[in-house]
Amino acid sequence: MLTLPLTDIWLKVLETIKPEFEDKMVSYNTWIETIIPVSIDYTKITLAVPYEYNRDFVRLRYLDLLKNALEFVTGLPLDIELTLNNEEVKHNLDSSFSNLNPNYLFENFVTGKSNEYAHAAALSIALGSGALYNPFFIYGGVGLGKTHLMHAIGNKVVRHDPKKRVMYVSSEQFTNDMINAIKNSTTQEFRDKYRTLDLLLIDDIQFIWDKEATQEEFFHTFNELYQNDKHIIITSDRPPKDLKSFMDRLVSRFEQGAVIDINPPDYETRVAILQKKANQLNITIPNEVYEFVASKIKSNIRELEGAIKKILLFHQLSRKEINIELASEALKDILDARKRKITPSLVIERVEKYFNLKENDLKSKSRSQNIAFPRQIAMYILKEYTPLSLKQIGTAFGGMDHTTVLHGIKKVKENMDGDASVQNLIDDLIKDIRE
Ligand code: ADP
Ligand code: MG
């Protein structure tokens with residue numbers, strides 16, 4: 001949950017405790033609403049209060065309430081530090097202009113083959129020697145660290161020089177900002193805000209594919225910054241050339257610096273990420289548990305992170321030692337939910353599409369190779385990724401008996417042994433099906 005920005009965490013905490021104050025709203029307004037969240041890490045949250053007596057009173061009366069709510073929201077037993085709302089705090093809050101998430105740093109970004117180029121480029125930009133990487137376009141699948149890397153650059157730049165104007169926005173925020181500016185006749189302010197930045201971080205640019213006016217405005221923002229040697233970092237789920245229905249001139253701007261992808265982490269990197277996360281949470285986990293998790297969760301770092309937190313929570317609640325048994329219990333929901341989401345109709349539809357077949361081809365009795373092979377692949381996926389029985393799978397294919405299903409699955413397995421491209425094909429399909 002620490003992936004949520006601090007303000008979101010705090011809003012959830014307030015939501016959680018508010019019912020306790022149902023008939024004591026004055027207390028709520030006096031003691032709780034005046035609290036300002038300042039910073040958070042994996043062990044501690046710092047909260048600022050306006051006066052010394054607020055500090056004493058909150059400490060005395062509300063510390064446990066806040067602690068429980070925080071644990072409920074973040075899944076972590078955080079310590080609470082209460083500080084006074086002084087100048088330094090105010091300054092930190094002002095810099096919230098940049099929207100940077102203080103938890104996304106280079107220090108906690110694990111590198112491996114899958115992300116080393118992106119990491120190296122990001123680091124040189126942050127150190128001020130990345131002129132060649134302008135713009136820097138990072139692309140890759142969900143949960144692979146694009147947003148993290150982007151914030152890491154911003155955080156490092158600001159930490160080095162607090163006067164630098166850095167801003168992180170999602171492409172949707174940019175769009176909303178623009179729409180509001182038009183509505184309120186403040187386009188000049190809008191332009192001043194974006195076009196005077198030293199570093200613009202714009203996340204998930206693919207979402208403006210159907211927003212022509214946003215693309216146009218962004219094009220001008222881009223040019224203005226670029227001409228003044230300011231840095232622009234863009235992320236996307238796909239490379240520029242696949243940003244269909246984007247203005248050509250925008251796509252060619254995206255390609256004029258460095259375009260670098262981030263890939264799913266390999267096994268060793270997954271283990272290293274798990275170790276790092278466990279370290280941050282101050283827990284010791286036996287190696288075989290890391291290996292177990294890394295073998296189950298492969299394509300999304302956010303899920304790896306979630307898995308560690310889940311294991312920690314189970315460990316704390318049950319007071320049992322952390323081993324594979326506890327881990328499988330903790331991850332049961334995650335792994336089951338994943339299996340559940342994949343349904344026969346979804347698999348059949350996606351496989352048909354992938355192989356350019358017509359609807360319901362896979363359910364036909366046709367034995368021609370161009371249908372039989374995709375059908376076997378679909379059966380294999382259903383067997384591996386759902387809890388369905390052979391019989392149930394047969395039913396989904398228009399009433400095939402279970403020995404035919406079994407035969408089909410065996411065929412795929414044999415093919416996979418000799419041919420890595422079959423595995424790749426299946427990985428591709430799974431990705432497609434999950435999206
Ligand atoms: P994306 O933007 O590519 O969808 P995020 O940057 O949001 O992915 O990353 C998802 C989660 O995984 C975040 O909590 C992030 O901190 C974590 N994460 C991603 N890559 C790494 C990495 N290389 N090392 C450590 N944590 C990572
Ligand atoms: Mg992201």
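Reply: A polar contact is a pair of N or O atoms within 3.5 Å. Please keep in mind that this model is predicted. In this case, a polar side-chain atom of Lys 277 lies 2.9 Å from a nitrogen atom of ligand 1.

Me: Which side chain has an N or O atom 2.7 Å from an oxygen atom of ligand 1?

Reply: That side chain belongs to Arg 302. The backbone takes part as well: a polar backbone atom of Gly 143 is 2.7 Å from an oxygen atom of ligand 1.

Me: How much of the area that ligand 1 exposes when taken alone does the protein bury?

Reply: Alone, ligand 1 exposes 560 Å², and 96% of that is buried by the protein.

Me: What is the make-up of the shell around ligand 1 by class?

Reply: The shell has eight polar, six nonpolar and four charged residues. Of the 18 residues around ligand 1, those that come nearest are Val 110, Gly 143, Thr 147, His 148 and Glu 305.

Me: Let us turn to the helix pair. How does one describe the packing?

Reply: Two packed helices are described by the distance between their axes and the angle between them. Here the axes of helix 8 (residues 171-183) and helix 9 (residues 187-195) come within 7 Å and cross at roughly 150 degrees.

Me: Which residues make the contact?

Reply: Helix 8 contributes Phe 174, Asp 177, Met 178, Ala 181 and Ile 182, while helix 9 contributes Thr 187, Phe 190, Lys 193 and Tyr 194. By class, the residues of this contact are six nonpolar, one polar and two charged.

How values were computed:
Residues are numbered from 1 along each chain as its sequence is written. Chains are lettered from A and ligands numbered from 1 in the order in which they are written. This is a predicted model: local features need pLDDT of at least 70, side-chain atom pairs count only at pLDDT 80 or more; totals for chains, interfaces and linings use all residues. Side-chain values use heavy atoms; hydrogens and water are left out. A residue is near a molecule or strand if one of its heavy atoms lies within 4 Å of it. A polar contact is a pair of N or O atoms within 3.5 Å; within protein, one must be able to donate a hydrogen and the other to accept it, and residues adjacent in sequence count only if both atoms are side-chain atoms. Accessible areas come from the Shrake-Rupley method with a 1.4 Å probe; for residues, only the protein chains shown count as cover. Ala, Val, Leu, Ile, Met, Phe, Trp, Tyr, Cys and Pro count as nonpolar, Asp, Glu, Lys and Arg as charged, and the others, Gly among them, as polar. Axes are lines fitted to C-alpha atoms, for helices over the stretch in contact, and angles run from 0 to 180 degrees between N-to-C directions. Helices (H or I, at least four residues) and strands (E, at least two) are DSSP runs, numbered from the N terminus. Contact means heavy atoms within 4.5 Å.
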